[in-house]
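Colleague: Could you take me through this one slowly? I'd like to know where each label comes from.

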There are 2 protein chains.
Amino acid sequence: MQFELTKEFLTNLRKQISSEDRTALSAQLDELHSADIAEIMDELNNKEIQFLFTLFDGETSGEIFVELEEETLEGFVKEIEPAELVSKFIKHIESDDAASIIGDLSEQKRKEVIANLDDVEQASDIVDLLHYADNTAGSLMAKEVVTANINWTVSRCVREMRRQAENIKNIYILYVIDDNDRLLGIMSLRVLVMTSPKAQISDLINRDVISIKTNSPLEDVQNSMEKYDLVALPVVDELGRLVGRITIDDVVDLIKEEAEKTFQIASGISENIESTDSIWVLTRARLPWLLIGLLGGIAGARIIGLFEDQIQIHPEMAFFIPLIAAMGGNVGVQSSAIIVQALANNSLGIMGVVPRLFKEFSLGIINGVICSILVFAYSYFTEELNLAITVSTALFCVVIFAAVIGTWIPLLLDKYKIDPALATGPFITTANDVLSIFLYFYIGKLMYFS
Amino acid sequence: MQFELTKEFLTNLRKQISSEDRTALSAQLDELHSADIAEIMDELNNKEIQFLFTLFDGETSGEIFVELEEETLEGFVKEIEPAELVSKFIKHIESDDAASIIGDLSEQKRKEVIANLDDVEQASDIVDLLHYADNTAGSLMAKEVVTANINWTVSRCVREMRRQAENIKNIYILYVIDDNDRLLGIMSLRVLVMTSPKAQISDLINRDVISIKTNSPLEDVQNSMEKYDLVALPVVDELGRLVGRITIDDVVDLIKEEAEKTFQIASGISENIESTDSIWVLTRARLPWLLIGLLGGIAGARIIGLFEDQIQIHPEMAFFIPLIAAMGGNVGVQSSAIIVQALANNSLGIMGVVPRLFKEFSLGIINGVICSILVFAYSYFTEELNLAITVSTALFCVVIFAAVIGTWIPLLLDKYKIDPALATGPFITTANDVLSIFLYFYIGKLMYFS
């Protein structure tokens, strides 16, 4: 059932494209889902993509077009004329996809594309959508909604649906509105199917409708749809008028993007990149974090430098530098990861900051005691008592310290509206490294020289 | 529109519960969505939860029940009798939720609950579902599907739907089957609404249906639903007979869980935990990784120990230990995060392993050259030439080495069906630490003593 793109398939297909073998190509591609054809096109160049599109009608082309990867899409759109872009693709896709593609165009090209939109309703929908700020419900919604007036009967509703629903693919629910377009409730298609044509919409409406404002942040959209298990969420303006709807597939993409972003930031990657991106893009996303790490390393070098005499007399102190630094980093990452995740899920619960830090402090004590005992035993038997006391005491402090800091920093960042995932990244590991090392050598100094 | 749970609300509610003030409680809770009531119950104890449930009818209780957090649910289910569990809750929920709850019970209690199921159809559905292996499509599906026979007319279909659909809430699509229950295609409710009652289902069916086998892994379920933007995915047995369906809300939960698991494993947390879990659970999930880190640290100590004389003569070499170790870790985490993510998304593309490693090697050279020049400059001006050469050469090698290893290890783990996120965790950082330090001191030895 599922299509699997192979190298052989692709090589063969490219041959057929270069020999313009339409019959063979159609035979292979007609059986595939538009998402699969898009996946194939993601591996082709613009010329090849353009040729493939000549095999499909407008509707299918539109379906494939919106499934292309962002990179492929951008590259392809750049090379085609505004008039062609509209007639072959934009005309056949929903307003949200159209607005998102047009929004990414250059100022000049955007104007030309909009001027080419001959369907007045579509043009106005798209222009409306382009006004909403990024990261708001308005920017994610589609204008295509099927509505029923509260004063209609079921039979009138079915008649009107025929008219309205022509260009709307996924209808799960009817939105019931009043004469001023205000959203009053919802009605499932199932109710419509199962009721007498003479019934009044006002008797069938379900008024428990969850909606969202156009200017609500995407985070709220995601939370609502997840929490209430919705497949579509109606969007209303300040006056409560229905202006669009957001569907679950867009939110699934959003959830994945969010999770990826968190994971990337926490791994020290600053842009949304993929393994297929160019070396230059990858370097740009990674180098800044490495430079932060480098600065941290230099700070560490300076701190150890303060204890140069101490190392000369007790070189064995140097042995445990990596252990102390790594443990600080590991504990810090663990603690902050838990908080970052809870913040992302809205699952922090109602515990305050102080009891939470206290909990992490207790946890630090347990982990700290266990790790310290082990390291004490090792260093006592391989080295001597003073060093064993130094290493185990320092480790104990570092574990507790890193646990508390790792919990506190993401909470603090979140309070000031900074992405808390930053805390899990090289930033916190580096800071913990530097502080751990200082603590270690300072304790060593007290042990050996006082 | 969205309910926000506050401390005040909860304190007030608990007072009303302890004084059994049903009127006040109903007034507050009746307006809320079942998911919100569940969120409140997640903060209450079993006695309080039990009292609140007396305020709602069976259907609402069922809706709230399935929205409870796993922990709350487990604790609550333990305390109620099998007969009550069935009559008050299980009877009112869908087969997939019921099976998942019953599947988590003890052997003894499970038997008692099943014996109490008086609805024969529900009992057989649940027992069927309990047979499917975890992590397969069968284990996630619900048995409630609305079907239409290919030989029916639209009016017959509507009649049958009334009968079938009584207990099924979310109907988006009708599944068209033949006399042997084999899935032939789908039909949207919209088509049903908009067509003449005399039309034949066989003329309205859409045969391009994407389905999945009961024994397919959940990964395939997720990929299919995402790729093809489905809100429901029909599940068929080996003979192609329709046996259930999976809805998008379950897959959204799955996607989130997967992302969380990846993030947690990569952060050195081995179980699926939440910040609200007990200290004991949190320790159990975190300590093993810290012990791995500790072992790595001890290995590092042993390696540095090999170069004790060298440190005594050149204590300045110790200054750069944290820098070298941290940079190896940072680069390794970046590289593996990109691969882990691409593996999770199926977006590796069709590039082979060797060109991929070569790409990462090139990237390592760019990052390595830049970082090495900076660190050379710093160490040359603060220390002296030999050290500057040692540190920058070691850093250059470490960056390249970590980039290649960070790419290769997750690919290798994936090949052997081990979760590649393991590679991004303390495991790879620790391994990189140890190797980096060895490299650093070895180069130092060559520089100073040869």
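**A lysine on the inside**

Modeller: Let's start with A:Lys143, which is buried, with 20 other C-beta atoms within 10 Å. Bear in mind that this is a predicted model, where local features need pLDDT of at least 70 and side-chain atom pairs count only at pLDDT 80 or more, while totals for chains, interfaces and linings use all residues. Residues are numbered from 1 along each chain as its sequence is written, and chains are lettered from A and ligands numbered from 1 in the order in which they are written.

Colleague: Why is A:Lys143 called buried?

Modeller: A residue is buried if 20 or more other C-beta atoms lie within 10 Å of its own, exposed if 12 or fewer, and partly exposed in between, with C-beta atoms placed from the backbone. A:Lys143 has 20 of them, so it counts as buried.

Colleague: Where is A:Lys143 found, and which residues does A:Lys143 touch?

Modeller: A:Lys143 is in the loop between helix 11 (137-140) and strand 1 of chain A. Helices (H or I, at least four residues) and strands (E, at least two) are DSSP runs, numbered from the N terminus. Leaving out residues up to four places away in sequence, A:Lys143 touches A:Ser95, A:Asp125, A:Asp128, A:Leu129 and A:Gly244. Contact here means that the C-beta atoms, placed from the backbone, lie within 7 Å. A:Leu242 is 99 residues from A:Lys143 in sequence, yet their C-alpha atoms are 9.4 Å apart.

Colleague: What makes strand 4 and strand 6 of chain A edge strands?

Modeller: Look at the open sheet of 3 strands with the order 4-5-6 in chain A, where the pairing is mixed. Strand 4 (212-213) and strand 6 (242-247) each have a single partner strand, so one side of each has no neighbour in the sheet. Two strands pair if DSSP finds at least two bridges between them. Strand 4 and strand 5 (residues 232-236) of chain A have 2 bridges, in the parallel sense, so they meet that cut-off. One of the partners is A:Val235 in strand 5, bridged to A:Ile212.

Colleague: How do strand 5 and strand 6 of chain A run, and how many bridges join them?

Modeller: They run antiparallel, joined by 5 bridges. A:Val235 stands opposite A:Gly244 in strand 6 of chain A. The two strands form a hairpin with 5 residues between them, and A:Gly240 in the turn has a positive phi of about 80°.

Colleague: Why is strand 6 of chain A described as largely enclosed?

Modeller: 6 of its 6 residues are buried, so the rest of the structure largely encloses strand 6 of chain A.

Colleague: Why do we say the copies meet through the same surface?

Modeller: 100% of the interface residues of chain B are also interface residues in chain A, so the surface is the same. In total, 102 residues of chain B are in contact with 103 residues of chain A. Helix 17 (residues 279-306) of chain B gives the most to chain B's side, with 16 residues.

Key:
Contact = placed C-beta atoms within 7 Å.
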